[in-house]
2 protein chains.
Amino acid sequence: MDHGDADPFQWDTREDCQVRQILDRIADKWSLLVIALLENRRLRFTELRREIDGVSQRMLTVTLRSLERDGLVNRTVHPVVPPRVEYELTSLGRTLHATIQSLVTWTEAHQEEIAQARTAYDTRAAEAAEATTP
Amino acid sequence: MDHGDADPFQWDTREDCQVRQILDRIADKWSLLVIALLENRRLRFTELRREIDGVSQRMLTVTLRSLERDGLVNRTVHPVVPPRVEYELTSLGRTLHATIQSLVTWTEAHQEEIAQARTAYDTRAAEAAEATTP
DNA sequence: CTGTATCCATTAGGATACTG
DNA sequence: CAGTATCCTAATGGATACAG
C-alpha cells in the first residue's frame, strides 16, 4: 500500500489554494526568524533588528506587518516619547512556533549531511564537465 | 521562567549561518511542494509538473536540481527513448518530510483563523484611513 | 525610537525556442 | 520526454532621506 491510486494524503496544489498562499507567507526568509526569536519573549523593534543580522529596517517592518495581519504577532504601542513598540507572539503564533522550531532543529541536525551532499554533487558535476572537455 | 536572560534555546541568526542558508533553500515556494508530493512515491518530471499548478518547466528543473544537490531527492535516468526520469526522496529527504508535513497540517488547520485575522486587520486599517480623511 | 516614502539594483522567475 | 538556453519582465529588497 505504498501508493494507492487515490492517495489519501494528497493535498491541494492549485495556485489559488489558501494553504499555498499562507505557506508562501510564513516560509519566507524573515518571518521564520522573527517567529523563532519571539518565543515567550516580547521584543522591541530595535531589539529584533539587532538580533536578525542583515535585515533592513524596511523588510523588518514589512515582515512584522504581515505577521500582525495574519494574527501571528501582536503589536503594542506605548504612548511615550520616544516611542516604544513591542512585539510578541499571539496564541496562534505560539502554536506555529513548535512547527517552525522543528524545522530549525532538523536543519541544525542535518547541516553536515547536506554540506557533504553538496560537495559530492559538485565534485561529480566537475568531473562530468572535465570528461566533456578533454 | 518564561524568559531567562541567557535564553537557552537561542540560535545563531547571523547571515552567514549554515542553518539560515539551508532554511532559505528548503522553505521556498516550490521545494516544499515537491517534497510534500514525493512522499513514498516516485514521480516523473511531467507528473510533478502536472501536479504542481503554476510551476514553469524552468523552475521545476531548478528546484529539483537544488534538492538533488542537497541530497534530499534522488534522480534516476532510464536510458530509454523517449527519456524517462524519475524523482524520489532520499532517506535524508524522508526525514524532512515529517516536518514539512506538520507545517502543511498546521496551515490547513488554521487557515480559517488566519483569513479572519486578515479581514479584521484590513477592516481596522480601512476605518483608520477613514478617520484621517473626514 | 519607530517608522514611511522614494529610488534603485539585484534577483526570481515566466515565455519561448531549441536539443538529445 | 526531459530538459537547456535566452530573453525579458515583475517582484524583492537594500539604501537613503525624512517624519511623528
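Predicted model: local features only at pLDDT ≥ 70, side-chain atom pairs only at ≥ 80, totals over all residues.
Begin just after helix 4 of chain B, at B:G71, where phi is positive, about 75 degrees.

**Helix 4 of chain B**

Now color the helix by accessibility. Which residues of helix 4 are buried? They are B:L60, B:T63, B:L64, B:S66, B:L67 and B:E68. In an α-helix there are 3.6 residues a turn, so residues three or four places apart point the same way.

**The annotated span in chain A**

Switch to chain A and select residues 17-115. An unreviewed UniProt entry places the feature "domain: HTH hxlR-type" on residues 17-115 of chain A. The span is 64% helix and 14% strand, and its end C-alpha atoms lie 34 Å apart.

**The interface**

Show both chains and select the residues in contact. Chain A contributes 58 residues and chain B contributes 58 residues. About 5700 Å² is buried between chain A and chain B, with 61% of that area on carbon and sulfur atoms. Pick out A:R69, A:W106 and A:R118 next: they supply 13% of the area that chain A buries against chain B, more than any other three residues.

For the polar side of the interface, display polar contacts between the chains. With both residues at pLDDT 80 or more, 15 residue pairs are in polar contact between chain A and chain B. On chain A, helix 1 (18-26), helix 2 (29-37), helix 4 (57-69) and helix 5 (91-132) each supply at least two residues of the side that touches chain B. Helix 5 of chain A gives the most to that side, with 21 residues.

**Salt bridges between the chains**

How many salt bridges cross the interface of chain A and chain B? The rule finds four.

- Select A:R69 and B:D122. Their side chains meet in a salt bridge, at 2.6 Å from N to O.
- Select B:R69 and A:D122. The closest N and O atoms of this salt bridge are 2.5 Å apart. B:R69 lies in helix 4 of chain B and A:D122 in helix 5 of chain A, so the pair joins two chains. B:R69 is partly exposed at 27% relative accessible area, and A:D122 is partly exposed at 36%.
- Select B:R118 and A:D70. Here the closest N and O atoms of the salt bridge are 2.6 Å apart. The pair joins two chains, because B:R118 lies in helix 5 (residues 91-132) of chain B and A:D70 in the loop between helix 4 and strand 2 (73-78) of chain A. B:R118 is buried at 15% relative accessible area, and A:D70 is buried at 3%.

**Salt bridges within a chain**

Over all chains the count comes to 14 salt bridges. For one inside chain B, select B:E86 and B:R42, whose closest N and O atoms are 2.9 Å apart. B:E86 sits in strand 3 (residues 84-89) and B:R42 in the loop between helix 2 (29-37) and strand 1 (43-44), 44 residues apart. B:E86 counts as buried at 10% relative accessibility, whereas B:R42 is partly exposed at 39% relative accessible area.

End on chain A by selecting A:R42, A:R84, A:E86 and A:E88, which salt bridges with shared partners join into one network.

Methods: Residues numbered from 1 in each chain as written. Chains lettered and ligands numbered in written order. Heavy atoms only, no water. Buried < 20%, exposed > 50% of the residue type's maximum accessible area, 1.4 Å probe, protein only. Helix = DSSP H or I, 4+ residues; strand = E, 2+ residues; numbered from the N terminus. UniProt positions renumbered as here; feature names shortened; annotations may be inferred. Contact = heavy atoms within 4.5 Å. Buried area = accessible area lost by both parts, 1.4 Å probe. Polar contact = N/O pair within 3.5 Å; in protein donor to acceptor, adjacent residues only side chain to side chain.
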